[in-house]
Amino acid sequence: MITVTRACLLTLLCIAMVGCTAAREEQKAAMNAPTANIAGTWTGSAGQGGSSLPVTMTLAQTGTNLTGNISVAGRPDVSGPVKGTVTGELVNLSTATTTFAQLRAQQDTMTGQSSIGQVILRRQK
């Protein structure tokens, strides 16, 4: 019985390690990708648990540095001037009062987690 329990625990540990390694490899690949061009106006939503808020963000980019403005409907605490950086496909954004989000930019889509939940944005053309 103890051997079966140990075997099950060892199997679960191996599965968890493989999952963590895959997530780290994905983040490493995103960081090593060519620096994304994310200048422009982005619209979409942010939220969690079936409650999402409209988001509009306008960004200017100089090299890997970002500046701009974000508007999250009904959330003045996370709206206003924003600045950040882009490394490969990874975008880190902060407002004056909080780290807003780490997003992944792929072509005309940005997704990720923010201080108010899941973010999905599309670049306006």
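Reply: What follows covers the salt bridges and the strands around them.

This is a predicted model, in which local features need pLDDT of at least 70, side-chain atom pairs count only at pLDDT 80 or more, and totals for chains, interfaces and linings use all residues. Residues are numbered from 1 along each chain as its sequence is written, and side-chain values use heavy atoms, with hydrogens and water left out.

The structure holds four salt bridges, each defined as a side-chain nitrogen of Lys or Arg within 4 Å of a carboxyl oxygen of Asp or Glu. One of them joins Arg104 and Glu89, at 2.8 Å from N to O. Arg104 lies in strand β6 (residues 99–106) and Glu89 in the loop between β4 (80–87) and β5 (90–95), so the pair ties together parts 15 residues apart in sequence. Glu89 is buried, at 17% relative accessible area (buried is under 20%, exposed over 50%, partly exposed in between, with a 1.4 Å probe and protein chains only).

Asp108, Arg123 and Lys125 are linked in a network of salt bridges. Between Arg123 and Asp108, the closest N and O atoms are 2.8 Å apart. Arg123 belongs to strand β8 (residues 117–123), whereas Asp108 sits in the loop between β6 and β7 (109–114). Arg123 is buried at 18%, and Asp108 is partly exposed at 25%. Lys125 meets Asp108 at 2.6 Å, N to O; Lys125 lies in the segment after β8, so this pair ties together parts 17 residues apart in sequence. Lys125 is exposed, with 86% relative accessibility.

How values were computed
Helices (H or I, at least four residues) and strands (E, at least two) are DSSP runs, numbered from the N terminus.
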